[in-house]
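Here's a quick briefing to read with the model open in your viewer. Have a look at the fold, then work through the points by topic.

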Amino acid sequence: QAQLVESGGGLVQPGGSLRLSCVASGRISSINSMGWYRQAPGKERELVASITRGSSTEYADSVKGRFIVSRDNVNAMYLQMNSLKPEDTAVYYCNAYIWSGLSYYERWGQGTQVTVSS
């Protein structure tokens with residue numbers, strides 16, 4: 001089975017930047033779409049940004065113009081977060097739609113905490 005591991009979270013001041021990474025490992029034939037989700041306390045998990053194998057992207061309205069999602073088309077995805085706001089504070093999760101060689105399945109990472117505070 002594949003594993004997704006996020007890294008790059010931490011504490012940053014408003015207006016600062018962070019770059020999150022998600023690396024997939026294990027039994028992977030290919031990865032189709034990937035996405036970043038986040039969940040703040042008391043709120044539902046929401047899609048932040050997604051990217052397809054062809055590198056087409058979608059962003060939540062709240063992060064458009066500030067965040068950039070990218071991938072290496074092999075096993076990694078990144079989220080460059082700029083002009084961070086306190087409202088961006090959440091646990092950020094990596095998600096991937098993976099082809100195992102037998103079927104497609106969805107995999108989640110464990111999450112990485114992003115805290116934006118002065």
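Let's start at a hairpin: E4 and E5 form it with six residues between them, and Gly42 in the turn has a positive phi of about 80 degrees. Strands here are DSSP runs of E with at least two residues, numbered from the N terminus, and two strands count as paired if DSSP finds at least two bridges between them. Bear in mind that this is a predicted model, where local features need pLDDT of at least 70, side-chain atom pairs count only at pLDDT 80 or more, and totals for chains, interfaces and linings use all residues. Residues are numbered from 1 along each chain as its sequence is written, and side-chain values use heavy atoms, with hydrogens and water left out.

**Strand pairing**

- E4 covers residues 30-39, and five bridges tie E4 to E5 (residues 46-51) in an antiparallel arrangement.
- Within that pair, Trp36 sits opposite Ala49 of E5.
- E4 also pairs with E9, again antiparallel, over eight bridges; here Gln39 is opposite Val91.
- Elsewhere, E1 (residues 3-7) runs antiparallel to E3 (residues 18-25), with five bridges joining them. Ser7 faces Ser21 of E3 across this pairing.
- E3 is also joined to E8 (residues 76-81) by six bridges, antiparallel as well, and Leu20 has Leu79 in E8 as its bridge partner.
- As background for reading any of these strands: in a regular strand the side chains alternate between the two faces of the sheet.

**Salt bridges**

- How many salt bridges are there? The count comes to four, taking a salt bridge as a side-chain nitrogen of Lys or Arg within 4 Å of a carboxyl oxygen of Asp or Glu.
- The general idea is simple: side chains of opposite charge can pair when their charged atoms come close.
- Glu46 bridges to Arg38, with the closest N and O atoms 2.9 Å apart. Glu46 is partly exposed, at a relative accessible area of 33%, whereas Arg38 is buried, at 6%. The cut-offs are under 20% relative accessible area for buried, over 50% for exposed, and partly exposed in between (1.4 Å probe, protein chains only).
- Arg66 and Asp88 meet through their side chains in another salt bridge, 2.7 Å from N to O. This pair links distant parts of the chain, 22 residues apart: Arg66 is in the loop between E6 (57-59) and E7 (67-71), and Asp88 is in the loop between E8 and E9 (90-99). Both residues are buried.
- Shared partners join Arg38, Glu46, Arg66 and Asp88 into one salt-bridge network.
- Asp61 and Lys64 also form a salt bridge, with 3.1 Å between the closest N and O atoms; both of these residues are exposed.

**Around Arg38**

- Which side chains make polar contacts with the side chain of Arg38? Asp88 is one of them, at 2.9 Å, and Tyr92 is another, also at 2.9 Å.
- A polar contact is a pair of N or O atoms within 3.5 Å; within protein, one must be able to donate a hydrogen and the other to accept it, and residues adjacent in sequence count only if both atoms are side-chain atoms.
- Leaving aside neighbours within four places in sequence, Arg38 is in contact with residues including Glu44, Val48, Ser62, Phe67, Glu87 and Ala90. Contact means heavy atoms within 4.5 Å.

**Nonpolar core**

- The largest nonpolar core has 30 residues, and those with the most contacts inside it are Trp36, Leu79, Met81 and Tyr92. Such a core is a set of buried Ala, Val, Leu, Ile, Met, Phe, Trp, Tyr and Cys residues joined through side-chain atoms within 4.5 Å.
- The elements giving two or more residues to this core are E3, E4, E5, E7, E8, E9 and E11 (112-116). E9 gives the largest share, five residues.
- Apart from neighbours within four places in sequence, Met81 touches a set that includes Leu18, Leu20, Phe67, Tyr92 and Val114.

- Ser55, in the loop between E5 and E6, has a positive phi near 70 degrees despite being a residue other than glycine. Ser55 is partly exposed, with a relative accessible area of 39%.
- Ser83 also has a positive phi, near 50 degrees. Ser83 is in the loop between E8 and E9 and is partly exposed, at 40% relative accessible area.

Technical notes. Helices (H or I, at least four residues) and strands (E, at least two) are DSSP runs, numbered from the N terminus.
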